[in-house]
Amino acid sequence: MIPNRFQPVFTNYALYLVEYGCSYSSINFDWKERLTMKDQTKQRVIKLLESHQERTKLIELLHYELAHPKCVSESEMIEALALTHGEGGGRPSGRISDKTLYIALSYQERTAEINRIGTNEIAEQLAAMEHEQERLKHYVTLLSKRHREVIELYYFKRMSPEDVAKQIKVCVRHMHSIKAKAVDELVSMYEYVDALR
């Protein structure tokens with residue numbers, strides 16, 4: 001039952017829906033769906049903010065691994081090839097396989113290919129992490145000065161709520177309010193860009 005004070009508003013809204021061919025249930029469903037998507041985006045943004053320092057460390061680690069890749073040596077490749085014979089249990093006596101020459105000639109190419117694949121996987125992972133990190137940092141720079149400062153101090157520098165509040169000269173409760181507004185603003189940015197894709 002709708003309270004009397006809301007009856008005129010609800011009646012006008014229901015007439016509007018009927019006039020424009022909408023049903024209340026479809027509007028209600030769209031609203032719930034949008035709310036769920038917003039919650040998911042908010043959780044994603046908070047996770048990105050909370051994992052900023054760990055992601056920075058991983059990016060540095062991947063940069064090192066890319067600059068100094070662990071390569072499979074030719075001797076390791078020959079050893080691996082020697083261990084990949086069939087279930088015969090050993091070498092056939094008195095006869096060299098037709099594949100032996102092919103294997104002997106191609107092990108260097110295969111070694112280089114395996115090393116290249118490993119390096120490419122590191123490069124792809126690094127590019128994805130750097131893109132996400134730079135995107136987050138850029139969006140934070142678009143926030144107002146106070147919002148940006150709270151996000152950087154709380155999430156990027158991992159300061160306690162009390163220390164952040166002291167730094168920006170507000171009470172802890174107000175600092176949490178500023179942080180919530182800043183996160184909501186970041187969520188709006190992510191939603192806008194995601195809707196374009």
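The model is predicted, so local features need pLDDT of at least 70, side-chain atom pairs count only at pLDDT 80 or more, and totals for chains, interfaces and linings use all residues. Residues are numbered from 1 along each chain as its sequence is written, and side-chain values use heavy atoms, with hydrogens and water left out.

**Confidence**

The predictor's confidence in each residue is called pLDDT and runs from 0 to 100. Its mean over the chain is 78. A value of 70 or more is reached by 63% of the residues. Helices (H or I, at least four residues) and strands (E, at least two) are DSSP runs, numbered from the N terminus.

**Nonpolar cores**

A nonpolar core is a set of buried Ala, Val, Leu, Ile, Met, Phe, Trp, Tyr and Cys residues joined through side-chain atoms within 4.5 Å. Buried means under 20% relative accessible area, exposed over 50%, and partly exposed in between (1.4 Å probe, protein chains only). The largest core has 16 residues. Leu49, Leu136 and Leu143 are among those with the most contacts inside it. Helices H2 (24-50), H5 (98-141), H6 and H8 (172-196) each supply at least two residues. H8 gives the most, with 6. A second, separate core of 8 residues includes Val164 and Met175.

Setting aside residues up to four places away in sequence, Val140 touches Arg148, Ile151, Glu152, Phe156 and Leu186.

**Helix H6**

The buried residues of H6 are His147, Val150, Ile151, Leu153, Tyr155 and Phe156. His147 counts as buried because its relative accessibility is 15%. Beyond its neighbours within four places in sequence, His147 contacts Ile178, Lys181, Ala182 and Glu185. Just after H6, Arg158 takes a positive phi of about 55°.

**Helix H3**

The buried residues of H3 are His52, Arg55, Ile59 and Leu62. Seen down the axis of H3, they fall within an arc of 80°, so they line one face of the helix. That arc is taken from the directions from the helix axis to the C-beta atoms. On the other side, Lys57 and Glu60 are exposed.

Key:
Contact = heavy atoms within 4.5 Å.
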